[in-house]
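Visitor: I would like to go through the charged side-chain pairs of a protein. Please show the sequence and the structure.

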Amino acid sequence: MSEPAGRETMGFQTEVRQLLQLMIHSLYSNKEIFLRELISNASDAADKLRFEALEAPDLQKDDPELRIRISSDKEAGTLSISDNGIGMSREELIDNLGTIARSGTAEFLQQMTGDDKKDAQLIGQFGVGFYSAFIVADRVEVISRKAGLDSTDAVRWESEGQGEFTIENADSAARGTTVTLHLKDDEQEFLDSFRLEALIRKYSDHIAFPVLLEKETEEGGTEESAVNSATALWTRSRTDVSDDEYKEFYKHLAHDFTDPLAWSHNRVEGKREYTSLLFIPSAAPYDLWNREAPKGLKLYVQRVFIMDDAEQFLPLYLRFVKGVVDSTDLPLNVSRELLQQNPDLDAMRSALTRRVVDMLGKLAKSDTDEYASFWREFGATIKEGVIEDQQNNEKLMQLLRFSTTKSESEAQDQSLADYLSRAADGQDKIYYLVGDNYENVKSSPHLEQLREKGLEVLLLHDRIDPWVVDHLREFEGKEFQDVGRGQLSLPEGEGEITQDAINDEHGPLLEKIRKSLNDKVETVNVSQRLVDSPACVVTSDKDLGPQLRRMLEASGQELPETKPVLEINIDHPLVTRLSAETDDARFGELSHIVLDHALLAEGAQLDNPAEYVRRMNQYLLDVEAGAATE
Ligand code: ADP
């Protein structure tokens, strides 16, 4: 027996193999979603053909009515999902159904925990697509003919979902793609037309093309009819669309498995006409921080699909938003380049941005649990917005959430309005402190005096925070103040005391410490911040904060050297001891220890840890010797 023409056996990419294994295991309790995924792919294929046919109408001419057909064969135990859309060439079949195009897949797969529920969520957000067929089938066959190619160029792909697939020439086939599932023995329920009809209604009603289902008639024959409403969901009036329909549409659009957190559906009329349907996903995609990850909205012009991932409609910080824009005015031949040059686009982008920000504002007001979960997943992108988007600054500031010195845990759940509602009488500042992590910032000596006075401080410990704070100017007329930098002025009632006035009394001591620390500090001040700690370091208002400095240095940037200001707690016993020290050498050693401890408390790494350890050991021995002779 000779091999069929052009037959090749190929191995799946390693990641595909892993994904298949994990998926079959963790999505089993949701197995029926395979039908949604395959219908969703068929619908995308029809969209793509309609788009290509704008330029080349011949592509669609031989079979102009785009549709999706579902049929089953009880004898053979097979279920077929067939479309007359764009189809795939041999190379496309190999690429699309043998590899995973998205980068970062390997890292993503490593996050799998083995806990089915969690993994199902993770896999769901990754988008399982075509491969979900293997949850219910032990063999899948795909026959495809790309629009524009001859019927003799059709190809057949087949796999048992283990390690490999085969590809060969198909005898002949109509335009488009037919996916045939050889159902596993215990999945024969999916041959039942009532079951199929219910599933299509539930998951695929919003598909804009007719989904035709073959059913048996009472006479024993078969007939075919559309079981979905076959109108693009966003063209329907808001009051006609149920929440469930919005949710299913989102899953189709976003290739997501979980419900969206919120959505906003709007028609704009007048000078510019367009409809938008925007969704906030409930979980951040694994590649939210990957610059190359696809982002943007799906663009339609007069209901004709034009492109995926149109980035021009929303700013970068809103890259997590999924949705559709359907414009009446854009030309059908619009390309990414043309979009960039289109003068109307700026106005649409501002309007859509405002919609998203308002939708989040509403979510924040109406449902704190949902907003809390939004903030956990996407809070850092909103902080990017505070940096980038001046136009919506006020609204974005209201969306911010923080942990504070009054929080019980590191959850960021306090708004600026919450903070101000607790502000002390006469407090005209919003105090904050930045640190590398929550533990570090929470126990910082910089907070001691403020704690003692009952003044609440926002604790900022996200990676992006050192950049954000430069953009925190004021909120409701109150200025922001970094309690780790510059001079701290607390509401005293009787006016501020200047640093000079406080320093004056202790001039000689301060000068002696400065001298013995030589070139390590800018200056030494008497602190107004400290209660329990002997000392802390502060950066001057003009200098880069230490966290930002460390990050920039870690990324290889050369920065001009700056020195911290050392602040000492004049009432602390260690400082009392220092000022009583008559031996100059010992005074110097103790001053260095005080400085190094202040640096450590702030999260810095010492330039010379061994030197510090030597000093500290020596000091401990001296103390012991002192105690023994007393
Ligand atoms: P996704 O749909 O998330 O991209 P899939 O694994 O479902 O992932 O599909 C991978 C690719 O295979 C699709 O992006 C598409 O290019 C192609 N594809 C899948 N099904 C079809 C189909 N019915 N017709 C044409 N192309 C298809």
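**Salt bridges**

Guide: Both K61 and D58 are exposed, where exposed means over 50% relative accessible area, buried under 20% and partly exposed in between (1.4 Å probe, protein chains only). This is a predicted model, in which local features need pLDDT of at least 70, side-chain atom pairs count only at pLDDT 80 or more, and totals for chains, interfaces and linings use all residues. Residues are numbered from 1 along each chain as its sequence is written, and side-chain values use heavy atoms, with hydrogens and water left out.

Visitor: How far apart are the closest N and O atoms of K61 and D58?

Guide: Both residues lie in helix α3 (residues 58–61), three residues apart, about one turn of the helix; helices are DSSP runs (H or I, at least four residues) and strands likewise (E, at least two), numbered from the N terminus. K61 forms a salt bridge with D58 (a side-chain nitrogen of Lys or Arg within 4 Å of a carboxyl oxygen of Asp or Glu). The closest N and O atoms are 3.4 Å apart.

Visitor: Is R175, the partner of D62, buried or exposed?

Guide: D62 and R175 form a salt bridge, with the closest N and O atoms 3.0 Å apart. The pair links distant parts of the chain, 113 residues apart. D62 counts as exposed because its relative accessibility is 54%. R175 has 5% relative accessibility, so R175 counts as buried.

Visitor: How many salt bridges does the structure hold?

Guide: Some are linked in a network, which joins R7, R139, E141, R156, E158 and E168. For the structure, the number of salt bridges is 45.
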